[in-house]
Amino acid sequence: MTRPLMTPVTLLTGFLGSGKTTLLQKLLTDPDMARAAVLINEFGEIGLDHQLLDRIDDNVVLMKSGCICCTVRGEVADALINLDEMRARGEIDFDRVVIETTGLADPYPVLQTLQAHPVLRSHFRSGGVLTTVDAVNAAAQMDHRAEAVRQIAAADRIVLTKTDLAGDVTDLRAALARVNPVARVVTSDMGASDILGDLDTVHSLIEPDACGTCGHHHDGDDHDHGHHHHHHDDTLGVVTFSLTVEHPLDWTDFGIWLTLLLHRYGDRIFRVKGILAIDGEELPVAVHGVQHLVHAPVHMEHWPDGPRHSRLVFILEGIDPALIRRSFHAFMRLDDTTGAKAA
């Protein structure tokens, strides 16, 4: 039995009532999910009993679709290790895992577990964060509930639910882009392949014009698109901010800077994604960080369309982007007014 070297683990999150359960049920019936393993809190909560085909052990069942479902009564790490051991023994087979993060306002602890756990990090990798957003109630939730905003900020892909009841969602899409300009927005009536799609690929990390929808202004030049404050609610202090640098960057200097930045301010940096032009490298390097966690950099196979410049997008809470901009220019030895390489 063959298996991928690193199995992607996708987190499904979303505010209460946003349709996580309905979306999960739909995904489980899609042929594209036939070789998936899904971690859920309790089978009864999402009414899967009628679909159960075979109970493999106390916590694992096989669906009629072929999908494996596992209850999580303890730590997520224990459930993943159990699944991996069963796969190694040839008892089950799967090529991806979806974890429904019921009750978790922030997917960071699970992402941290995947990278920090000595066993898991050799078998599993992050497969992205999928966040459901209720098209009817999201605007009010974003205004009054910090958890909803943080879940949206953490998303790699946003799934709009209840769009048939909401009417025109143009304003909502714009509000979502202000909070998270790098997440692709899809609707729940799409198929599993469209919803999941390239969620766990390098190319979904960042689009070349990711902040174009944010209405940002240039900060006096074309080298550094900084200081783009997008406060949807001043009490939350959520800000999106981008940096673009034309000159290739020194990899060592950049690594030290990002490590120190996330160590000091990681609790308030929801997301940093970027494509970097590195000194001595022909192809770009993709970087991705969530709070204190930095995923392993990935060498991309080709440049996206557009200028071959380094581009970083940040989603912050309560941090002045000028602070990041100044420290970045200092570490990378760039002129703070032009973005050019300092002498």
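The structure is a predicted model. The secondary structure of the protein chain comprises ten helices and 15 strands. Of its 343 residues, 51% count as buried. Among contacts between residues at least 6 apart in sequence, 71% join residues at least 24 apart.

**Helix α10 and its surroundings**

- Helix α10 spans residues 321–331, and its buried residues are P321, A322, I324, R325, F328 and H329.
- Viewed down the axis of α10, these buried residues fall within an arc of 160°, so they line one face of the helix.
- An α-helix has 3.6 residues a turn, so residues three or four places apart point the same way.
- The elements that cover the buried residues of α10 include strand β10 (238–245), helix α9 (251–265) and strand β15 (310–317).
- Just after α10, R333 adopts a positive phi of about 55°.

**The largest cavity**

- A search of the whole structure finds two cavities of 30 Å³ or more.
- The largest cavity has a volume of about 60 Å³.
- Its lining consists of F15, T131, T132, V133, D134, A138, Q141, M142, A148, Q151 and I152.
- Three elements, β7 (124–134), α4 (138–144) and α5 (146–154), each supply at least two residues of the lining of the largest cavity.
- Strand β7 provides the largest share of this lining, namely four residues.
- By class, the lining of the largest cavity has six nonpolar, four polar and one charged residues.

**The second largest cavity**

- The second largest cavity has a volume of about 30 Å³.
- The residues that line the second largest cavity are D106, Y108, R150, A154, F270, V290 and Q291.
- In terms of class, four nonpolar, one polar and two charged residues make up the lining of the second largest cavity.

- D84 lies in helix α2 (residues 76–88).
- D84 has 8% relative accessibility and therefore counts as buried, the cut-off for that class being under 20%.
- The side chains of D84 and H123 are joined by a polar contact of 3.4 Å.
- H288 lies in strand β12 (residues 285–290).
- With 12% relative accessibility, H288 also counts as buried.
- The side chain of H288 makes a polar contact of 3.4 Å with the side chain of R271.

**A loop residue with positive phi**

- K162 is located in the loop between strand β8 (157–161) and helix α6 (163–166).
- Although K162 is not a glycine, it has a positive phi of about 60°.
- K162 counts as partly exposed because its relative accessibility is 30%, a value in between the cut-offs of 20% for buried and 50% for exposed.

Note on methods: Residues numbered from 1 in each chain as written. Predicted model: local features only at pLDDT ≥ 70, side-chain atom pairs only at ≥ 80, totals over all residues. Heavy atoms only, no water. Buried < 20%, exposed > 50% of the residue type's maximum accessible area, 1.4 Å probe, protein only. Arc of directions from axis to C-beta. Contact = heavy atoms within 4.5 Å. 1 Å grid on protein atoms, 1.4 Å probe; cavity = no way out; pocket = protein on both sides within 12 Å on 5 of 7 lines; lining within 4 Å. Points joined across faces, edges and corners; volume = space filled by probe spheres on them. Nonpolar A, V, L, I, M, F, W, Y, C, P; charged D, E, K, R; others polar. Polar contact = N/O pair within 3.5 Å; in protein donor to acceptor, adjacent residues only side chain to side chain.
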